[in-house]
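Morning, everyone. Let me put the model on the screen, and then I'll walk you through it.

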Amino acid sequence: MRHYEIVFMIHPNKSERANEVILKYKKLILDLSGKIHRFEDWGRRQLSYPIKKLDKAHYILMNVEISQKNICKIENAFKFDDFIIRNIIFSVKKAISKISPMLKEKNNIKNKQEDLVIKKINL
């Protein structure tokens, strides 16, 4: 079994059904005898450049352990899913389970905003 990092983007108009899409791919990975080492929902974010005339997308990151044969099945599922506008799959050397820099940044921004609200309330 090999380790992979998967990032996929869900169409922003289908963002309210993101949980269904996420569960679909988690189930697919587990059904194919894979293991999920890390899962992060980065939420809806601005794209660097338009994709299919879209400016935003809902980002998902997964680190999985699965066979090479089965990763091809996942790639194929992405290809024919209208909810997925873009995806990328990297092969990595070992399982990654620690929090990603992207989520750390998101949490830091959230904490700073909460601190500002608390300061305003205390004033």
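This is a predicted model: local features need pLDDT of at least 70, side-chain atom pairs count only at pLDDT 80 or more; totals for chains, interfaces and linings use all residues.

Residues are numbered from 1 along each chain as its sequence is written, and side-chain values use heavy atoms, with hydrogens and water left out.

The fold, then. The protein has 3 helices and 4 strands. Along the sequence, the pattern reads β-α-β-β-α-β-α. Both element types are DSSP runs, numbered from the N terminus: helices are H or I with at least four residues, strands are E with at least two.

How much of the protein is buried? Of its 123 residues, 37% are. Buried means under 20% relative accessible area, exposed means over 50%, and partly exposed is in between, with a 1.4 Å probe and protein chains only. The protein exposes about 8400 Å², and carbon and sulfur atoms supply 52% of that. Those areas come from the Shrake-Rupley method with a 1.4 Å probe; for residues, only the protein chains shown count as cover.

Contacts next. A contact means heavy atoms within 4.5 Å. Take the contacts with a separation of 6 or more: 76% of them involve residues 24 or more positions apart.

Now the strands. Two strands pair if DSSP finds at least two bridges between them. β1 and β3 run antiparallel, joined by 9 bridges. Within that pairing, Glu5 stands opposite Asn63 in β3. β2 and β3 are also antiparallel, with 11 bridges. There, Arg45 has Ala57 in β3 as its bridge partner. β2 and β3 form a hairpin with 2 residues between them. Look at Lys52 in that turn: its phi is positive, about 50°.

β3 is mostly covered, with 11 of its 13 residues buried. Let me pick one residue from it. Ile66 lies in β3, which spans residues 54-66. Is Ile66 buried or exposed? Buried, because its relative accessibility is 0%. What does Ile66 touch, beyond its neighbours within four places in sequence? Its contacts are Met1, Arg2, Tyr4, Ile29, Leu32, Gly34, Ile71 and Ile74.

On to the rings. There are 4 aromatic pairs. One of them is Phe8 with Phe78, tilted, at 5.1 Å centre to centre and 40° between the planes. The rule covers rings of Phe, Tyr and Trp (its six-membered ring) with centres within 6.5 Å; planes under 30 degrees apart are stacked, over 60 edge-to-face, and the rest tilted. Phe8 is in β1 (residues 2-10) and Phe78 in helix α2 (residues 68-79), so this pair ties together parts 70 residues apart in sequence. Phe8 and Phe78 are both buried.

The charged end of Lys26 is over Phe39, 4.0 Å from the ring centre. The charged end of Lys14 is over Phe83, at 5.2 Å. The test is NZ of Lys or CZ of Arg within 6 Å of the ring centre and within 35 degrees of the ring normal.

Last, charge pairs. Side chains of opposite charge can pair when their charged atoms come close. Here, a salt bridge is a side-chain nitrogen of Lys or Arg within 4 Å of a carboxyl oxygen of Asp or Glu. By that rule, the count is 4.

Arg38 pairs with Glu5, with the closest N and O atoms 3.0 Å apart. Arg38 is in β2 (residues 35-51) and Glu5 in β1, so the pair ties together parts 33 residues apart. Both Arg38 and Glu5 are buried.

Lys24 pairs with Asp81, closest N and O at 3.2 Å. Lys24 is in helix α1 (residues 18-31), and Asp81 is in the loop between α2 and β4 (84-92), 57 residues apart. Lys24 is partly exposed at 45%, whereas Asp81 is buried at 9%.

Asp31 and Lys27 meet at 2.8 Å, N to O. Both lie in α1, 4 residues apart, about one turn of the helix. Lys27 counts as exposed, at 52%.

That's the tour. Over to you.
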